[in-house]
Structures are given as structure tokens and as C-alpha cells.
Amino acid sequence: MVTEKQLANLKLRPFTSEQSRDEAATNGRKGGVASGKKRRLKGNLRKIVLAMGKLSAPASLNQQANELLGTDEEYSCNALSVISLYQEAWKGNIAAARMIAQLDGSLAEKPEQGAPRIILKVSSETKERLERAKREGIT
């Protein structure tokens, strides 16, 4: 049974001798229009993410962050996202650790060795906070 997607893929033919120059130009134009739509959508989503990240976080989350860090601040959603990333990394989530390393610029890639390596630089203050959080059972 042929699916709808397979039928659509049959309509997308590369430029060959089976297709005239005009048909190829028309199909190329269609692809360009679809590509532009997708880029605009991605750009709009990026703007939404940036705007939402700047908003103040809910009071309950701010309170939890202040207890964790021993501060009295009002955090943005972006700041709380970073805090939650660290919490996940502390629990052993490698993807979270990689993202932190990319964000702070400490991800070192050595292409001659094949797979990228992660080198995390952790300050003594961060180590102390981690130990305190572990003792208090927050992580």
C-alpha cells in the first residue's frame, strides 16, 4: 500500500532528462518558497524563545532557586533553565553536561581523536554549592 508521503516524494523529481528546463525551474522555485517558509518559521520560534527567556520566572520557582543558591534574587526563565541544567548534570545526565559545556565555552573538541571530548571547568564555589545541595538532598 502506497502512503500519501510516498506519493508526494514521487512528485519531487531531480532535474534529469525526463524533466524539461521549465519544469525544473518551476520545481526549484517551489522548493525555494518552501525553504523560505521554513526559515521564517524557525526565526519566529527563535524570537519567541528569546522573549520568553527574558520573562520573570514564577514566584515558586524563584523561591526554590533562592533556597538552592542561598540568595534573594528574582531570576529570569533563562537563569532557571541553566539552574535546572546543572541539576540534571549533577544527576549524571551527560546531555545536560554537554549543553553546559557548550554554553560556557569549555567544550573542547579534538577532531584528530575522532569523537569530541568534554572538559568541564568547575570553580571551587560551584563545587561547594554542589556538595551543599547533595548534603541537603536537593539534587
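This section describes the fold, surface and selected side-chain contacts of a predicted model.

Six helices and zero strands are found. From the N terminus, the order of elements is α-α-α-α-α-α. Of the 139 residues in the chain, 16% are buried. The chain exposes about 11100 Å². Carbon and sulfur atoms supply 56% of that area. Among contacts with a separation of 6 or more, 19% join residues 24 or more positions apart.

Helix H5 spans residues 94–104, and its buried residues are Ala96, Ala97, Ile100 and Ala101. Viewed down the axis of H5, these residues fall within an arc of 140°, so they line one face of the helix. An α-helix has 3.6 residues a turn, so residues three or four places apart point the same way. The buried residues of H5 pack against helix H4, which covers residues 77–90. The face of H5 turned away from the buried side carries Ile94, Ala95 and Leu103, which are exposed.

Both ends of H5 show local features. At the start of H5, a side-chain oxygen of Asn93 comes to within 3.0 Å of the backbone nitrogen of Ala95. Ala95 is also one of the exposed residues on the face turned away from the buried side. Just after H5, Gly105 adopts a positive phi of about 80°.

A nonpolar patch lies on the surface. Leu41, Leu45, Ile48, Met52 and Leu55 form this patch. Together they have about 480 Å² of accessible area. Leu55 sits in the loop between helix H2 (21–54) and helix H3 (59–69). Its relative accessibility is 43%, so Leu55 counts as partly exposed. A patch residue must have over 30% relative accessible area and no salt bridge. The value of 43% for Leu55 can be set against that cut-off.

Asn66 lies in helix H3. Is Asn66 buried or exposed? The relative accessible area of Asn66 is 13%, so this residue is buried. Buried here means under 20% relative accessible area. Leaving aside neighbours within four places in sequence, Asn66 is in contact with Thr71, Asp72, Glu73 and Tyr75.

Two salt bridges are found in a search of the whole structure. One joins the side chains of Lys91 and Glu88, at 3.8 Å from N to O. Lys91 has 55% relative accessibility and therefore counts as exposed. Glu88 is partly exposed, with a relative accessible area of 33%.

The side chains of Glu125 and Arg129 also meet in a salt bridge, at 2.9 Å from N to O. Both residues lie in helix H6, which runs over residues 124–136. They are four residues apart, about one turn of the helix. Glu125 counts as partly exposed because its relative accessibility is 46%. Arg129 is likewise partly exposed, at a relative accessible area of 31%.

Notes. Residues are numbered from 1 along each chain as its sequence is written. This is a predicted model: local features need pLDDT of at least 70, side-chain atom pairs count only at pLDDT 80 or more; totals for chains, interfaces and linings use all residues. Side-chain values use heavy atoms; hydrogens and water are left out. Patches are made of residues with over 30% relative accessible area and no salt bridge: like charges are joined within 9 Å, nonpolar side chains (Val, Leu, Ile, Met, Phe, Trp, Tyr) within 5 Å. Accessible areas come from the Shrake-Rupley method with a 1.4 Å probe; for residues, only the protein chains shown count as cover. A salt bridge is a side-chain nitrogen of Lys or Arg within 4 Å of a carboxyl oxygen of Asp or Glu. Helices (H or I, at least four residues) and strands (E, at least two) are DSSP runs, numbered from the N terminus. Buried means under 20% relative accessible area, exposed over 50%, partly exposed in between (1.4 Å probe, protein chains only). The arc is that of the directions from the helix axis to the C-beta atoms. Contact means heavy atoms within 4.5 Å. A polar contact is a pair of N or O atoms within 3.5 Å; within protein, one must be able to donate a hydrogen and the other to accept it, and residues adjacent in sequence count only if both atoms are side-chain atoms.
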